[in-house]
Amino acid sequence: MEKKTEAQGVSTPLTHREGQGEGLLNRFLKQTKFSSVEDYNKNLEFIIPENFNFAYDVMDVWAEEKPEGLAILWTNDQGEEIRTTFAELKEQTDQAASYLQSLGIGKNDPVMLILKRHYEWWVIMLALCKIGAIVIPATHMLTKHDYVYRNTRASVKAIICADDEYITGQIKLAMPESPTVKQYIALGEVEGFHNWRKEWQEAPKFQRPAFVNDNDDTMLMYFTSGTSGEPKMVAHDYLYAMGHLTTGVFWHNLHPGSLHLTVADTGWGKAVWGKFYGQWFAGATVFVFDHEKFNADTLLRQMEKYKVTSFCAPPTIYRFMIREDLSKYDLSSLEYCCTAGEALNPAVFDKFKEKTGIQMMEGFGQTETTMTLGTFPWMTPKPGSMGIPNAQYDIDLLRADGTRCEDGEKGEIVIRVGDRKPIGLFKEYYRDKEKTREAWHDGYYHTGDMAWRDEDGYYWFEGRIDDVIKSSGYRIGPFEVESALMTHPAVVECAITGVPDEIRGMVVKATVVLGKEWKDKAGDDLVKELQQHVKKETAPYKYPRIVEFVDELPKTISGKIRRVEIRQKDAK
């Protein structure tokens, strides 16, 4: 896969042509267009093949029906560029599958990928799907301990990684304690590793296996990023890919003329939400910006240069984007924006709309699911709301005693599971029946997330069950206080946690990242100003009695704030 500064092959113009792509969607949906919430809820129905395989049944079909369509537009912070058509991607994935087979990798073999945003991740993901192997994407920030834990828990057979000194160094340290791993492959020259770029094109012509998979075979596993405790292994079957059809086609509102960018590391589940399955169901072009360090200006320049039409990122990214002077960038190509990963503060929604004219469409889901709640194109978004249930799931809110919540009442988000598991819901926590039973029992999958529902059926996030603060008899959700703080111009980011208190049981603490122009004002006067601001924006009893200013908040690789880390630090 040689990087070039010119297009490889001929790309499809990035303009929407009415009806294009519906032929493929008709294979998997009984109805492909919806005009309202009622229409979507009533008529969303999947057509499920017996042995669905995303690589063959979607990607190879596009290679046949739209061979010159642009599948991937990849670039990096060094100015290198790769443009790959669907036909070229089929050739590359066939070749990669053959190479992996030559190394003894086949059906049901767990293979860990640590490839950052490098182009090869997309090729290898599809190649592993073609041979029925189990792919385990992982972050490049793992340590020796993390590798040993994952290799042992999942019986990893092969590791394919970037030729990065830190990554390969940690893997080498883990080798003596990872007896199940038989093959180590790096993208380039690394001692003790196969050299992907040197070897993969030498493999023989690919022969598709006689049998690749059943629908309920395990296709993909993620170790959860973990806001507390050791990561769990979330196992997904082959229909998980189909579950993301609604993510790309309906929530992202994509079509074959779309150039879509999702900001996500490939070691995080959000990568397959926004850079893989749903986008290619829609026949869109996946845009990838391979960079080492996030910078809002650099990202916006890439969106301007390549004329990105569709964008999705966690609220953290939008918070930094709206701090830029957006009038400096030509974002006229941008049609649609979404957000997920954590709750969206209404102040961020309002500021982004003010600067761009685009309304962000929020969505909600977990590593264990596809999108379960969302704001769809035929809906009016309510800033700060996650939207309504995705029709492929039966969503409800339950009280602690297991009874159903009324509108306006806070409860746990659950998915009702009947005789047939919903498409997109995980199979199990691999090799952990106890954790599976804790989350999935009595006909429900329990998300562990709290929300309330308004009279229009929109859901509003409150926080993880463990994050809810109980103070003087009140139950305070961290998100409502964070949203109030975020409306103050000094605040870039904040996290609300509870601190033990002898009188009140707990008191509210705010850990705050200030804008650069406010940093020299950090002190008692600004603390009082922020406290008074919260009292005006929400119920006064919710105001933070403790305010700490920090340079950055602790986060998982997926960008979620680790409130548990703040609580642990305060408990010492």
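This is a predicted model: local features need pLDDT of at least 70, side-chain atom pairs count only at pLDDT 80 or more; totals for chains, interfaces and linings use all residues.
**Figure 1. The buried residues of helix H13.** Helix H13 covers residues 296-306, and its buried residues are Ala-296, Leu-299, Leu-300, Gln-302, Met-303 and Tyr-306. Viewed down the axis of H13, these buried residues fall within an arc of 155°, so they line one face of the helix.

**Figure 2. What H13 packs against, and how its ends look.** The buried residues of H13 pack against several strands, including E1 (70-76), E2 (81-85) and E10 (259-262). Strands E11 (285-290) and E12 (310-312) are also among the partners, as is helix H14 (315-321). Just after H13 comes Lys-307, with a positive phi of about 60°.

**Figure 3. Helix H5, an enclosed helix.** H5 has 12 residues. From its first C-alpha to its last, H5 reaches 17 Å, close to the 16 Å expected at 1.5 Å a residue. Of the 12 residues of H5, 12 are buried, so the helix is largely enclosed by the rest of the structure. Among the buried residues are Trp-121, Trp-122, Met-125 and Leu-128. Glu-120 and Lys-130 are buried in H5 too. Just after H5, Gly-132 takes a positive phi of about 80°.

Figure 4. Lys-130 forms a salt bridge with Asp-94, and their closest N and O atoms are 2.6 Å apart. The pair links distant parts of the chain, 36 residues apart: Lys-130 sits in helix H5 (residues 120-131), and Asp-94 sits in helix H4 (residues 86-102). Are these two residues buried or exposed? Both Lys-130 and Asp-94 are buried.

Figure 5. The side chains of Glu-45 and Lys-30 meet in a salt bridge, 3.1 Å from N to O. This pair also links distant parts of the chain, 15 residues apart. Glu-45 lies in the loop between helix H2 (37-43) and helix H3 (54-65), while Lys-30 lies in the loop between helix H1 (22-25) and H2. Glu-45 is partly exposed, at a relative accessible area of 39%. Lys-30 counts as exposed, at 56% relative accessibility.

**Figure 6. A salt bridge between a helix and a strand.** Lys-569 pairs with Glu-548 in a salt bridge, with the closest N and O atoms 3.8 Å apart. Lys-569 is in helix H19 (residues 563-571), and Glu-548 is in strand E27 (residues 546-550), 21 residues away. Lys-569 is exposed, with a relative accessible area of 54%. Glu-548 is partly exposed, at 25%.

**Figure 7. A network of salt bridges.** Six residues are named here: Asp-394, Asp-396, Arg-404, Asp-407, Arg-416 and Arg-453 are linked in a network of salt bridges. The structure has 40 salt bridges by the rule used.

Figure 8. How many disulfides does a search of the whole structure find? The search finds 0. The sulfur of Cys-337 has its closest cysteine sulfur in Cys-338, 7.5 Å away, which is too far for a bond. Cys-337 counts as buried, at 0% relative accessibility. Cys-129 is buried as well, at 7% relative accessibility.

Key
Residues are numbered from 1 along each chain as its sequence is written. Side-chain values use heavy atoms; hydrogens and water are left out. A salt bridge is a side-chain nitrogen of Lys or Arg within 4 Å of a carboxyl oxygen of Asp or Glu. Helices (H or I, at least four residues) and strands (E, at least two) are DSSP runs, numbered from the N terminus. Buried means under 20% relative accessible area, exposed over 50%, partly exposed in between (1.4 Å probe, protein chains only). The expected span of a helix is 1.5 Å times one less than its number of residues. A disulfide is a pair of cysteine sulfur atoms within 2.5 Å. The arc is that of the directions from the helix axis to the C-beta atoms. Contact means heavy atoms within 4.5 Å.
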